[in-house]
Amino acid sequence: MKDTQTKEEILGKLRRAEDKIESALWQAVKDSNHEEELQLYKEVRDFLLSLLNLQSDLAQERDRILSYCLMRIDNTLVELGDNTNAVDRAREAFEVAQRSGNDVQLARCSLAYGTRLLNSGDLPAAESQFKLVYELAERYPNDKDIQQTLGWALIVRGHILNGKSLYTQALTVLEEAEGICLSIENYAGIAQVNGLLVQVYGNLNDPERAEVCKKKAEKYQKRAVEEKQ
């Protein structure tokens with residue numbers, strides 16, 4: 001970063017970097033080209049890391065976007081089958097989110113980190129991260145982004161309960177998750193909830209409800225993609 005850049009110029013570059021992350025994410029939803037998605041994230045990461053000696057408020061904004069970028073890099077690597085160091089990658093994103101002081105990004109990265117811990121078999125540490133998401137959701141009941149993160153955290157809990165054969169409990173949690181996602185029109189979340197409900201109702205030997213949820217998952221996945229076109 002050149003010292004001659006004004007604060008407004010730096011903020012503009014940060015906004016464009018964040019837009020590039022969002023564009024790469026939704027393009028991958030449409031074309032499933034995760035290799036290209038990953039390359040774009042890495043370019044944004046390298047740019048953000050090149051911004052040195054920022055004043056504190058700009059540094060926090062840079063870290064907010066950087067934590068999001070690191071989270072997306074980890075998600076994409078896992079999508080491509082690279083689970084090596086996934087916990088460490090998620091921890092780094094979480095720590096950068098903490099540094100940013102942004103509670104929305106802290107909630108997102110806490111959920112992502114908790115999920116990686118869960119997948120590694122460290123349930124107590126994962127539960128600690130999920131607890132932070134619930135606490136932030138209680139603190140910000142009207143924040144759409146944090147409530148969306150809560151909805152996705154409940155989807156993860158639904159997966160856990162389904163895996164433990166606690167199907168009735170899973171249905172209760174997923175009903176709450178769907179209600180949250182519906183209230184904020186988070187179509188991707190609604191699709192994920194119903195995709196999991198297909199499994200739960202399958203385990204309950206209820207093919208009719210499973211089929212209803214399958215159609216609903218397909219419908220909302222399509223709407224999620226169309227929303228970003």
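**Close-up 1. The buried tyrosines Tyr-187 and Tyr-220 of the predicted model.** Both Tyr-187 and Tyr-220 are buried, a term that stands for under 20% relative accessible area, with exposed meaning over 50% and partly exposed the range in between (1.4 Å probe, protein chains only). The model is a prediction in which local features need pLDDT of at least 70 and side-chain atom pairs count only at pLDDT 80 or more, whereas totals for chains, interfaces and linings use all residues. Residues are numbered from 1 along each chain as its sequence is written, and side-chain values use heavy atoms, with hydrogens and water left out. Arg-223 lies over the face of Tyr-187, at 4.3 Å from the ring centre.

**Close-up 2. The aromatic pairs.** A search of the whole structure finds two aromatic pairs, where rings of Phe, Tyr and Trp (its six-membered ring) pair if their centres lie within 6.5 Å, and planes under 30 degrees apart count as stacked, over 60 as edge-to-face and the rest as tilted. Phe-94 and Tyr-113 form a tilted pair, with 5.6 Å from centre to centre and 35 degrees between the planes. Because Phe-94 lies in helix α4 (residues 86–100) and Tyr-113 in helix α5 (residues 103–119), this pair ties together parts that are 19 residues apart in sequence; helices (H or I, at least four residues) and strands (E, at least two) are DSSP runs numbered from the N terminus. Phe-94 and Tyr-113 are buried. Tyr-187 and Tyr-220 form a tilted pair, at 5.8 Å centre to centre and 35 degrees between the planes. That pair links distant parts of the chain, Tyr-187 in helix α9 (residues 187–203) and Tyr-220 in helix α10 (residues 207–227), 33 residues apart.

**Close-up 3. The largest nonpolar core.** A nonpolar core is a set of buried Ala, Val, Leu, Ile, Met, Phe, Trp, Tyr and Cys residues joined through side-chain atoms within 4.5 Å. Among the 72 residues of the largest one, Ile-21, Tyr-41, Leu-48, Cys-69, Leu-197 and Val-200 touch the most other members, and helix α3 (residues 56–79) gives the most to this core, with 10 residues. Neighbours within four places in sequence aside, Val-200 is in contact (heavy atoms within 4.5 Å) with Asn-162, Tyr-167, Ala-170, Leu-171 and Leu-174.

**Close-up 4. Two loop residues with positive phi.** Most residues other than glycine have a negative phi. Asn-85, in the loop between α3 and α4, has a positive phi near 60 degrees and counts as partly exposed at 48% relative accessibility. Glu-185, placed in the loop between α8 (167–183) and α9, has a positive phi of about 55 degrees although it is not a glycine.

Technical notes: A charge sits over a ring if NZ of Lys or CZ of Arg is within 6 Å of the ring centre and within 35 degrees of the ring normal.
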